[in-house]
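Dear colleague,

I am handing over a structure to you with this email. Please look through it first, and then read the notes below beside it.

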Amino acid sequence: QVQLVESGGGWVQSGGSLRLSCAASPSGLSSSPMGWFRQAPGEERQFVAAINGIDFGTSYGTRVRGRFIISRDKAKSTLYLQMNSLEPEDTAVYYCAATSSRINRLTVATRSTDYDYWGQGTQVTVSS
């Protein structure tokens with residue numbers, strides 16, 4: 001059974017930093033393309049960042065590019081999202097997601113429809 005468990009969310013002042021983690025099981029997911037999405041109240045789910053399962057190629061949403069960094073530790077089967085220079089507009093529930101074998105491992109998957117597995121989400125609140 002696939003499990004994605006996010007942690008690291010919380011409250012931070014504008015300009016601050018947070019690092020989200022996503023522990024994935026089973027360990028075979030460590031080679032699957034993975035990503036982060038977020039959803040604010042009343043808004044659609046938004047792509048944040050993605051990383052592929054082979055050479056760690058990445059892609060970022062326009063609103064976070066230059067401020068957020070996605071990474072992964074295959075040995076720990078864990079995905080990370082380092083969030084810097086946080087702004088109140090970054091306030092949302094952040095979701096970790098993983099693809100199944102239908103997606104090529106070299107793919108940097110930016111569409112929510114590419115993903116078959118989702119975590120429960122972790123709240124990030126940025127105050128001004």
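**The disulfide and the strands around it**

One disulfide (a pair of cysteine sulfur atoms within 2.5 Å) turns up when the whole structure is searched. This is a predicted model, in which local features need pLDDT of at least 70 and side-chain atom pairs count only at pLDDT 80 or more, while totals for chains, interfaces and linings use all residues. Residues are numbered from 1 along each chain as its sequence is written, and side-chain values use heavy atoms, with hydrogens and water left out.

The disulfide joins C22 to C96, with 2.0 Å from S to S. It links distant parts of the chain, since C22 lies in strand 3 (residues 18-25) and C96 in strand 9 (residues 92-98), 74 residues apart; strands here are DSSP runs of E with at least two residues, numbered from the N terminus. The torsion about the S-S bond of C22 and C96 is about -70 degrees, so this disulfide is left-handed. Both cysteines, C22 and C96, are buried, meaning under 20% relative accessible area (1.4 Å probe, protein chains only).

What does strand 3 pair with? Strand 3 runs antiparallel to strand 8 and is joined to it by six bridges, where two strands pair if DSSP finds at least two bridges between them. In strand 8, L79 stands opposite C22, and R72 also stands opposite L79. Strand 8 (residues 78-83) is mostly covered, with five of its six residues buried.

Strand 7 (residues 68-73) is likewise antiparallel to strand 8, with six bridges joining them. Their hairpin has four residues between the strands, and in it S77 takes a positive phi near 50 degrees.

Best wishes

Notes: Buried means under 20% relative accessible area, exposed over 50%, partly exposed in between (1.4 Å probe, protein chains only).
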